[in-house]
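Welcome, and please open your viewer.

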Amino acid sequence: MVKEKSAIFIIFGGSGDLAHRKLYPSLFRLYKSGFLKDHFAVIGTARRPWSDDYFRETVITSLKDYFDDDEDVMKEFAKHFYYQSHDVNDSEHYIALKNLAAKLDDQFDCGHNRVYYMAIAPRFFGTVAEHINSEGLKTSGYNRLVIEKPFGRDLDSACELNGNISKAFPEDDIYRIDHYLGKEMVQDIPHIRANNPTFEKAMNNKYVSNIQVTLAESLGVEDRGGYYETAGVLRDMVQNHIMQIIGAVASDEPDATDAKVIHQHKCDLFGSLKELTPEQVDKSFVRGQYDTDKLGEKKSYREEDKVASDSEIETFTAGKIEFESKRWSGVPFYVRSGKRLPDKQSRVDIVFNDKVADLGIRANTVVTLLIEQIDGQSILINGINYKDSGQDFIKFPEEAEFNHAREAYESLIIDILSGNRVHFTLWDELRSTWKYIDTIRERWDSQTPEFPNYISGTMGPDAAEMLLERDGNTWIWD
Ligand SMILES: NC(=O)c1ccc[n+]([C@@H]2O[C@H](COP(=O)([O-])OP(=O)(O)OC[C@H]3O[C@@H](n4cnc5c(N)ncnc54)[C@H](OP(=O)(O)O)[C@@H]3O)[C@@H](O)[C@H]2O)c1
């Protein structure tokens, strides 16, 4: 049964791309399903001097890209939207924001609850959080701060950012978004493990040969060259999304329901990441940058808009991650992510060894969890590949019907409104993953890569294949 929620959303960066492409459509879905009904309002803030009416028009225009509902329904929804021109550095603007929020709280009876959503550039996250606190925006209801990625660009900057927001908000009120954690297939992984005792019994170094996580994109950087030049795939995909998927696949106690227990197990897992020496980085991690395609029709990365013609930013990486834990030591986790690969695929392949036959499972079974195949479609995914198992190795848990109808952002917003932090990242997890990623980054930054080194539309540089071949393994998705 859907229970209506009440809150005022204050969206910093309310005129931006993320807000229009992801947040407003998700809020509209929640409106249509009854999670949001009468007791909510959205204040969009940004510098440009928009009126409420103009803001509502932009919201409706963006909804039309995703929904074919009657415009009257969209207009009713948009009546909950207000705009406040605002510069993040101007204290006066926060007072105006506070007054508007208080007025709307009375008007819509929102229970004094506030969701402060940072849909702005990361360099503003700390400033906004501090002003929300110092200018007294917090209320007697709940006050939840939502932070978009990227959370820092290395351990030092992440520590600094965390220090700034922690001065203004307690950890329990901070919701750090990793939208992969909003994908239902990722959320279902612990359920699949917990509901399939034989599978779970096999999920350790006695029976698993290796685990492969692939997040592949067929597109290039498109119009995000400027951002990408500051990031690269290691920071953009591995530190956050790939690590969090590994957290869902490999943490202890997948049946835990308490958010604190779940997070503790994830922290323990990331705390057991096997440290890399610079020489091990050379052996265990491969980087690449896309060239034009075979026909010479597509731009190479260095030819993309806002990209340096001698850029050393990687658009592909493959690596071997290992853990020093009782459950996982000795099992390589091969990870891979890149742009301009042949297809869009997000998947986990769990490769069992021959000992798994002791559990009544055919030797060398591969279980594949497809997280997403086609951009924007969340309805997929059959999830389990029974390949070679020849028996009912894994059943879907009944409570998860696997229709995957909910968008990641929609599901995450429900969690925020419900105070459920299970699908958000905690600071301790980020600290461990940044530390690990920094070692790789530092080694790479001390060397000059030979870029470009893979043709658009191929599976990345050959070294990515050799990484597994050296261990006697191969990529399952190839
Ligand atoms: N777009 C995505 O798909 C995506 C995906 C994942 C994460 N993110 C993250 O989400 C955040 C927003 O990204 P975006 O793509 O939506 O960026 P964007 O389209 O450039 O939007 C930035 C917003 O910030 C506002 N802004 C800029 N300077 C400001 C200032 N001094 N004071 C107040 N408002 C200011 C802009 O409006 P004015 O110019 O009018 O001030 C605009 O509304 C970033 O942290 C990004 O990393 C985005």
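Start inside the protein, where the largest cavity has a volume of about 120 Å³. A cavity here is a set of points, on a 1 Å grid over the protein atoms alone, where a 1.4 Å probe fits but cannot get out; grid points are joined across faces, edges and corners, and a volume is the space filled by probe spheres set on the points. To find the spot, select Lys149, Phe151, Ile177, Asn240 and Leu430, the closest to the cavity's centre of the 14 residues that line it. Lining residues have an atom within 4 Å of a point.

Before you move on, a word about what you are viewing. This is a predicted model, in which local features need pLDDT of at least 70, side-chain atom pairs count only at pLDDT 80 or more, and totals for chains, interfaces and linings use all residues. Residues are numbered from 1 along each chain as its sequence is written, and side-chain values use heavy atoms, with hydrogens and water left out.

Now colour helix H10, which gives the largest share of the cavity lining, four residues. Helices (H or I, at least four residues) are DSSP runs, numbered from the N terminus. By class, the cavity lining has five nonpolar, five polar and four charged residues. Ala, Val, Leu, Ile, Met, Phe, Trp, Tyr, Cys and Pro count as nonpolar, Asp, Glu, Lys and Arg as charged, and the others, Gly among them, as polar.

Next, select Gln187, Pro190, His191, Val422 and His423, which lie nearest the centre of the second largest pocket, among its 31 lining residues. A pocket is an open set of points with protein on both sides within 12 Å along at least five of seven lines. About 730 Å³ of space lies in this one. Show H7 too: nine residues of the pocket lining, the largest share, come from this helix.

Finally, go to the ligand. Of the 20 residues around the ligand, Ser15, Arg21, Arg47, Arg48 and Ile120 come nearest; a residue is near if one of its heavy atoms lies within 4 Å. Look for polar contacts (pairs of N or O atoms within 3.5 Å). An N or O atom in the side chain of Asp17 is 2.7 Å from a nitrogen atom of the ligand, and a polar side-chain atom of Arg47 lies 2.7 Å from a ligand oxygen atom.

How values were computed: Polar contact = N/O pair within 3.5 Å; in protein donor to acceptor, adjacent residues only side chain to side chain. Helix = DSSP H or I, 4+ residues; strand = E, 2+ residues; numbered from the N terminus.
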